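Hi,

Here is the structure I promised to pass on. Have a look at it first, and then read on for what turned up in it.

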Amino acid sequence: MIALVDCNNFYASCERLFNPSLDNKPVVVLSNNDGCVIARSNEAKAMGIKMGAPAFMMEELLTQNKVSVFSSNYTLYGDLSNRVMQTIRQFVPTIEIYSIDEAFLDLSEMKYCDLFQLAQAIRETIISCIGIPITIGIAPTKTLAKMANRFAKKERKNIGVYMAQTQWQVDQMLNYTSVGDIWGIGSQHQQRLLQNNIHTGADLLKANEEWIRKNMTVTGQRLLNELKGISCIEWENMPPPKKGICTARSFGQLLSEKADIREALANYANTCAAKLRAQKTCTTLVHVFIQTNTHRTQDNQYFRSVSIPMEVATSNTAEIIAAALKGLDIIYRKGYNFKKVGVMVLDLVPQDKVQMGIFDTVDRKRGTDLMQVFDKVNTRFGKGLVRYAAQGYNKKWKLRQQKLSPCYTTNINEVPVIKC
DNA sequence: TCTGGGGTCCTAGGACCC
DNA sequence: TCTGGGGTCCTAGGACCC
């Protein structure tokens with residue numbers, strides 16, 4: 001059996017944790033740049049605030065209902081996520097962290113215990129020790145565990161656990177779940193399924209397999225097997241190294257000047273290089289893109305990208321910034337209101353398998369040593385203490401984050417103080 | 001004024017090889 | 001009049017996830 005642990009309204013719950021006056025009140029968290037709603041407390045959901053809705057369109061609804069609004073604080077959410085995962089590991093050794101707020105638990109090793117009681121114990125421990133509410137679904141496959149979790153959230157609110165072990169329990173949830181709410185079925189497939197009179201998970205299970213294969217490819221067929229209780233989605237104990245890393249942000253304001261955009265890009269390139277080193281890989285292809293705001297119909301639109309090959313695979317910040325800026329020189333055009341710039345590093349190779357170049361004249365050892373010191377200093381004294389000149393200080397591009405909460409758990413100056 | 005960011009997997013079709 | 005067959009690799013685009 002597999003369990004899926006999911007933190008309820010995770011970002012909203014994190015904001016509440018250090019601000020108990022928000023309990024039972026509507027809370028929403030916005031995306032980067034305070035753009036869209038990406039997390040809602042139950043109260044906010046009940047008001048009809050939709051996931052992904054642009055914040056400026058929701059403004060009236062938010063003020064009318066006195067909704068507490070927060071900018072995303074990923075430092076806080078990341079730290080609380082780690083605590084939740086560590087706590088789960090104390091109960092079940094084999095877990096797969098699927099996202100910041102979800103983990104699959106391999107219960108096959110827990111043969112001699114009551115799985116339902118185990119789930120309840122995990123849930124109570126996390127709620128009392130960390131303060132983040134969670135829900136647990138248990139079933140024979142990952143897809144069914146996802147479904148059980150959703151079922152528990154809707155139909156077993158007070159218990160917070162649903163175990164689909166017997167066929168009857170599985171059927172109950174298959175009948176209950178609409179196809180669009182099944183993990184792996186997005187809006188496109190949902191539409192097509194509904195057109196063909198397939199409405200629930202139970203309907204899908206009865207559907208013609210050839211039709212599924214034709215219309216939803218092997219992914220659909222795999223999903224069907226998962227619903228039948230045959231595991232088709234592999235277990236990933238260690239997250240595989242990423243195949244590409246992308247850092248891109250919308251600017252806090254539209255930018256036209258190349259100098260401002262260069263500065264933003266240099267910072268994103270720096271982030272990419274740091275992530276490369278963190279996972280011990282090097283890149284051979286640096287891809288840069290730039291775009292205007294497609295929502296502004298009054299503006300001329302421009303979107304372009306370019307790839308810069310590296311002669312020798314690298315994770316050196318200076319080289320990656322240089323390549324990115326070279327790319328920008330090629331694609332930048334004067335006279336547009338730019339919204340976003342980004343850099344991707346692709347074709348990654350493990351750092352110990354880098355193919356040297358015959359005509360390479362760069363002192364690679366020196367560069368590697370420098371990067372080690374660079375990372376050490378920035379880890380110890382805070383991100384961005386040592387930086388390249390190209391990263392600048394003007395920060396015209398910086399994110400809008402007007403409603404940012406303190407980093408309660410990671411910054412000593414922002415730790416809550418209790419006076420008694 | 002204001003519309004996120006970072007990924008994965010799959011398929012079709014073209015280029016190329018012998 | 002007739003115009004092979006079998007394969008690999010790459011890329012773009014679609015669909016999905018949180």
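Let me start with the largest nonpolar core, which has 37 residues; the members that touch the most others are Ile 88, Leu 105, Leu 107, Ile 122, Ile 136 and Ile 138. One thing to keep in mind throughout is that this is a predicted model.

Which elements build that core? H4 gives the most, with six residues.

Setting aside neighbours within four places in sequence, Ile 88 is in contact with Val 5, Ile 95, Ala 103, Leu 105, Ile 122 and Ile 126. There is also a second, separate core, made of 33 residues, and Phe 251, Leu 276, Ile 290 and Val 306 are among them. As background, nonpolar side chains in soluble globular proteins tend to be buried together.

Now for the whole chain. Chain A has 13 helices and 13 strands. Its radius of gyration is 24 Å, close to the 22 Å that the globule rule gives for 420 residues, so chain A is as compact as a globular protein of that length. Along the principal axes, the C-alpha atoms fill a box of roughly 65 × 60 × 50 Å. Of the 420 residues, 43% count as buried. If you count contacts with a separation of 6 or more, 68% of them join residues 24 or more positions apart.

As for the surface, chain A exposes about 23,100 Å², and carbon and sulfur atoms supply 52% of that. On the charge side, there are 52 positive and 38 negative side chains, with the centres of the two sets 4 Å apart.

Is Leu 30 buried or exposed? Its relative accessible area is 4%, which is under the 20% cut-off, so Leu 30 is buried. You'll find Leu 30 in strand S2. Not counting residues up to four places away in sequence, Leu 30 touches Cys 36, Val 37, Ile 38, Ala 55, Val 69, Phe 70, Ser 71 and Ser 72. For a sense of scale, the C-alpha atoms of Leu 30 and Gly 357 are separated by 46 Å, and the two are 327 residues apart along the chain.

Ala 53 sits in the loop between helix H2 (42-46) and helix H3 (55-64). Ala 53 is buried, at 9% relative accessible area, and touches Gly 35, Cys 36, Val 37 and Met 58, again leaving out residues up to four places away in sequence.

Last, two aspartates to check. Asp 34, in the loop between S2 and strand S3 (37-40), has a phi near 50°, a positive value in a residue other than glycine. Phi of Asp 347 is near 50° as well, and Asp 347 is in the loop between strand S12 (338-346) and strand S13 (349-350). Asp 34 is buried, with a relative accessible area of 11%, whereas Asp 347 is partly exposed, at 46%.

Cheers

Terms used
Residues numbered from 1 in each chain as written. Chains lettered and ligands numbered in written order. Predicted model: local features only at pLDDT ≥ 70, side-chain atom pairs only at ≥ 80, totals over all residues. Heavy atoms only, no water. Helix = DSSP H or I, 4+ residues; strand = E, 2+ residues; numbered from the N terminus. Rg over C-alpha atoms; globule rule 2.2 N^0.38 Å. Buried < 20%, exposed > 50% of the residue type's maximum accessible area, 1.4 Å probe, protein only. Contact = heavy atoms within 4.5 Å. Areas by Shrake-Rupley, 256 points an atom, 1.4 Å probe, with all protein chains shown as cover. Lys, Arg positive; Asp, Glu negative; His and termini not counted. Charge placed at Lys NZ, Arg CZ, Asp CG, Glu CD. Core = buried A, V, L, I, M, F, W, Y, C linked by side-chain atoms within 4.5 Å.
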